[in-house]
Amino acid sequence: MKRRTKIVVLGSALLLTAGAALTGTAKLYRSAGDDITFSFDAHLAGKDKADPMKATGTFRFSHHLNGSGARAEVAVDCLVTGGTVAVVSGVITESDLPGAEGKRVGVTVHDLGRHDRLGYSWASTGRPGEGDEPPKCVSSAPFEKVQKGTGDFTVVPWQPDL
């Protein structure tokens, strides 16, 4: 078998066995100059790749403006992907936002190449951890835009075994 054919066959096999993932870091665009950053390292792999509730990893977010703001780190408890869209949720494990630790939050990412979009479960409450907590893998539509040149998110969709 030619080397090129072997590479294609191996790559295809890896894609079929790979699980879903959401990775990357980027800043959101805000005309007022807010510094809002999201980072993801969430995965579904191995024998658990077909069960969104077996996701592992973390995600982080921060929001600062004029020297004040907050940040949070989240332990992933669910990841579901479809095409170029991912919804991830988890429980805040560390934050400097009072009352946020121990609360579940969700984020939606639409991977559009250089024009990614993002939404979050606290869109209607204004602060993570306020209001009713969403169930696992629930968030809002991806209404925010990623600021050009500040990073990129990558969604690897779940592929069922053939």
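Student: Is Glu 144 buried or exposed?
Tutor: Happy to start there, keeping in mind that this is a predicted model. Glu 144 belongs to strand E8. Its relative accessibility is 7%, and the cut-off for burial is under 20%. Glu 144 therefore counts as buried.

Student: Which side chain makes a polar contact with the side chain of Glu 144?
Tutor: Let's look at the surroundings of Glu 144. Beyond its close sequence neighbours, Glu 144 is in contact with residues including Leu 28, Tyr 29, Arg 30 and Asp 116. One of these also makes a side-chain to side-chain polar contact with Glu 144, at 2.6 Å. That partner is Arg 30.

Student: Which strands stand at the edges of the open sheet, and why is one side of each left without a neighbour?
Tutor: Good one! The sheet has nine strands with antiparallel pairing, in the order E8-E7-E6-E5-E4-E3-E2-E1-E9. Each edge strand has a single partner strand, so one side of each has no neighbour in the sheet. The edge strands are E8 and E9.

Student: Which residue in E7 stands opposite Thr 108?
Tutor: Here we need the pairing of E6 with E7. Strand E6 covers residues 104-110 and runs antiparallel to E7, the two being joined by four bridges. Opposite Thr 108, the residue in E7 is Gly 119.

Student: What is the relative accessibility of Val 155 in strand E9?
Tutor: Now we move to strand E9, residues 152-156, where Val 155 lies. Setting aside residues within four places in sequence, Val 155 has contacts with Ala 21, Leu 22, Thr 81, Gly 83, Thr 84, Val 85, Ala 86, Val 109 and Asp 111. Val 155 counts as buried, because its relative accessibility is 8%.

Student: What separation do the C-alpha atoms of Val 155 and Gly 83 have?
Tutor: These two residues are in contact. Along the chain, Val 155 and Gly 83 are 72 residues apart. Their C-alpha atoms are separated by 7.9 Å.

Student: Which cysteines does the disulfide join, and how many residues apart are they?
Tutor: The structure holds one disulfide, and it joins Cys 78 to Cys 137 with an S to S distance of 2.1 Å. Cys 78 sits in strand E4 (residues 68-82), while Cys 137 is in the loop between E7 and E8. The pair links distant parts of the chain, Cys 78 and Cys 137 being 59 residues apart.

Student: What is the handedness of the link between Cys 78 and Cys 137?
Tutor: Both ends are buried: Cys 78 has a relative accessible area of 1%, and Cys 137 has 16%. The angle about the S-S bond is -105 degrees, and the link is left-handed.

Key
Residues numbered from 1 in each chain as written. Predicted model: local features only at pLDDT ≥ 70, side-chain atom pairs only at ≥ 80, totals over all residues. Heavy atoms only, no water. Buried < 20%, exposed > 50% of the residue type's maximum accessible area, 1.4 Å probe, protein only. Contact = heavy atoms within 4.5 Å. Disulfide = S-S within 2.5 Å. Polar contact = N/O pair within 3.5 Å; in protein donor to acceptor, adjacent residues only side chain to side chain. Pairing = 2+ DSSP bridges.
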